[in-house]
Protein chains: 2
Amino acid sequence: MSRRPARRRRSPGASPAILRHAFERYFARALPPARTTPPRLHQAMRYGALSPGKRLRPLLVLAACDAVGGDWRRALPAAAAVECAHAFSLIHDDLPAMDDDDFRRGRPTTHRRYGEALGILAGDALLARAFEELARLAERGVPAARAARAVRWLAAACGSRELVGGQALDLAAEGRRTDGLAVRDIHRRKTGALIACSLQLGALVGGAGAARVGELGALGRRLGLAFQIHDDLLNRGSSLRRLGKRAGTDAARRKATYPRAVGEQRARLEAERLYAGVARRIRGLGPRATALGEVVLAAAERVR
Amino acid sequence: MSRRPARRRRSPGASPAILRHAFERYFARALPPARTTPPRLHQAMRYGALSPGKRLRPLLVLAACDAVGGDWRRALPAAAAVECAHAFSLIHDDLPAMDDDDFRRGRPTTHRRYGEALGILAGDALLARAFEELARLAERGVPAARAARAVRWLAAACGSRELVGGQALDLAAEGRRTDGLAVRDIHRRKTGALIACSLQLGALVGGAGAARVGELGALGRRLGLAFQIHDDLLNRGSSLRRLGKRAGTDAARRKATYPRAVGEQRARLEAERLYAGVARRIRGLGPRATALGEVVLAAAERVR
């Protein structure tokens with residue numbers, strides 16, 4: 001074995017910029033071309049998924065794989081899978097029966113552009129696509145048992161107890177008084193589960209053992225909570241141009257947000273505390289985790 | 001090996017009634033209990049999935065597994081997965097932005113009962129659940145490589161080129177003149193793909209080789225087309241009580257149906273011809289395929 005793992009890890013220079021570039025290339029090809037029958041559906045899928053987002057979740061997959069010493073290129077299907085799942089959830093959350101949002105990432109939402117029926121169907125198809133991508137891991141030399149585990153984890157993270165369940169709780173909480181605990185529970189399901197899953201999938205594909213995978217999952221749950229509180233804060237203060245969606249929509253709909261439940265000052269302190277804790281733990285993972293630390297730092301410093 | 005396979009196959013007497021009983025028991029436990037947080041979402045999922053349906057697809061999974069000499073009990077997670085996927089598609093197809101149906105299987109549709117938001121979310125969660133179930137195959141002694149393949153096939157069958165794509169084409173065809181070829185294409189995607197996938201998954205879990213799996217898939221595509229033409233014919237003639245949903249809704253919405261495209265008489269002959277061809281091929285599979293033949297016969301003879 002000698003020093004092979006170390007060489008394999010650094011070979012393509014895993015900076016966040018390189019990870020992002022590789023991901024964008026892979027992702028644009030992973031989705032069916034826009035002319036595939038039925039073309040309107042495939043256009044809607046690409047519109048919803050390829051919109052100019054932060055790509056936090058796929059970058060976490062790739063950087064986590066790199067951080068545990070794996071070859072991050074093998075994790076590209078897993079990165080595409082979590083981004084498909086994320087795009088599905090955004091498209092469905094924006095629907096008239098849900099949050100009824102007209103703008104997202106500075107553009108009309110998918111259902112505003114393609115109609116409600118294609119909005120629903122594009123979300124559905126992206127969720128199915130996520131699992132098709134994950135199943136491809138087995139073709140890229142990832143042991144099939146790990147690919148099957150990846151499917152189970154992502155399905156659970158998207159399912160009725162986590163992401164989808166969080167959205168149901170979020171809608172039920174609209175207009176009602178909710179305390180900090182209840183909001184944290186919603187955030188944990190709606191945002192934390194998929195972010196934690198992204199880190200776990202990266203570690204799993206990278207060949208990490210159960211303890212390391214669990215450690216990254218725990219870190220992801222904190223990161224997800226920080227990220228969502230941060231989002232709540234940005235929604236209160238930002239303009240449409242900075243945020244890419246209408247600011248102040250949470251307050252207008254009296255949504256359950258953390259600043260609303262505990263006050264803006266406490267929410268800000270909590271997000272900072274969580275981010276700092278995550279950054280400290282990532283430093284504890286050693287020099288391999290540099291890219292992962294940079295991805296988290298960029299998330300913490302974002303202003304929209 | 002001596003005569004083990006033959007003994008293993010017949011041990012629990014795989015009649016359609018026994019398969020169905022085992023499936024209902026398994027399926028009711030496979031879905032999260034109704035009191036799980038968030039309870040309304042889990043109630044909506046159970047309402048949509050456990051409604052009194054024909055269970056054609058899960059029975060095909062189990063009977064196909066039995067037909068290739070496998071232990072059908074190992075295929076129960078795959079049977080639950082296809083039924084979750086089927087329930088997801090029914091719930092979403094019934095939504096106001098889609099077919100806008102108020103009744104299904106003799107009861108109010110899921111969104112009529114739980115509201116539109118929970119209708120969308122219950123469908124989403126059932127689709128995610130389908131993959132969680134499939135991933136469980138690996139825990140039941142099915143080789144992980146086969147479990148991963150099962151995930152890829154089901155994801156493709158549910159995805160933008162097949163089931164979801166068929167629904168998009170179906171909506172686009174509403175009110176427009178469509179010929180027999182175009183309707184067959186819609187039916188093949190919307191109904192045929194998941195029925196073919198059910199037979200393939202059963203064969204795969206049962207340990208069949210690629211040729212046998214392919215043969216059952218081809219048979220499933222014909223069966224799916226026969227089944228959907230049959231459905232179109234029933235929708236033209238049946239009363240609400242027999243059909244469990246409003247009859248004549250296809251004609252009222254000027255949907256693309258096979259009888260409308262080629263005439264009722266030709267549609268009837270086509271369905272009969274397809275069913276007969278499928279039955280003949282199943283007889284060609286030998287005595288192991290008795291239960292499978294009976295499941296198909298029951299589908300062909302249904303009057304609602």
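**A close look at one helix**

Analyst: Let's begin with the chain as a whole. Among the contacts in chain A between residues at least 6 apart in sequence, 72% join residues at least 24 apart. Please keep in mind that this is a predicted model. In chain A, the secondary structure comes to 16 helices and two strands. Its radius of gyration is 19 Å, close to the 19 Å that the globule rule gives for 304 residues, so chain A is as compact as a globular protein of that length. Taken along the principal axes, the C-alpha atoms of chain A fill a box of roughly 60 × 50 × 35 Å, and 54% of the 304 residues count as buried.

Now to the part itself: helix 2 of chain A, residues 16–30. With 15 residues at 1.5 Å a residue, helix 2 should span 21 Å, and its end C-alpha atoms are 20 Å apart, which agrees.

Which residues of helix 2 of chain A are buried? They are Pro16(A), Leu19(A), Phe23(A), Phe27(A) and Ala30(A). Looking down the axis of helix 2, you would find these buried residues within an arc of 60°, so they line one face of the helix. The other side of helix 2 has the exposed residues Ala17(A), His21(A), Arg25(A) and Arg29(A).

What do the buried residues of helix 2 pack against? Their partners in chain A are helix 4 (56–67), helix 5 (76–93), helix 7 (116–136) and helix 16 (290–301).

The contact between them takes 45 residues from chain A and 46 residues from chain B. On the side of chain B that touches chain A, the elements giving two or more residues are helix 3 (39–49), helix 7 (116–135), helix 8 (144–158) and helix 9 (163–173) of chain B. Helix 7 of chain B gives the most, with 14 residues. By type, the residues on this side of chain B divide into 31 nonpolar, eight polar and seven charged.

Finally, a rotation of 180° with 0.0 Å of shift along its axis superposes chain B on chain A, with an RMSD of 0.0 Å. The two copies are thus related as by a two-fold rotation axis. Of the interface residues of chain B, 98% are also interface residues in chain A, so the copies meet through the same surface.

Definitions and conventions: Residues numbered from 1 in each chain as written. Chains lettered and ligands numbered in written order. Predicted model: local features only at pLDDT ≥ 70, side-chain atom pairs only at ≥ 80, totals over all residues. Least-squares fit on C-alpha atoms with pLDDT ≥ 70 in both. Contact = placed C-beta atoms within 7 Å. Helix = DSSP H or I, 4+ residues; strand = E, 2+ residues; numbered from the N terminus. Rg over C-alpha atoms; globule rule 2.2 N^0.38 Å. Buried ≥ 20, exposed ≤ 12 C-beta atoms within 10 Å, placed from the backbone. Nonpolar A, V, L, I, M, F, W, Y, C, P; charged D, E, K, R; others polar. Expected span 1.5 Å × (residues − 1). Arc of directions from axis to C-beta.
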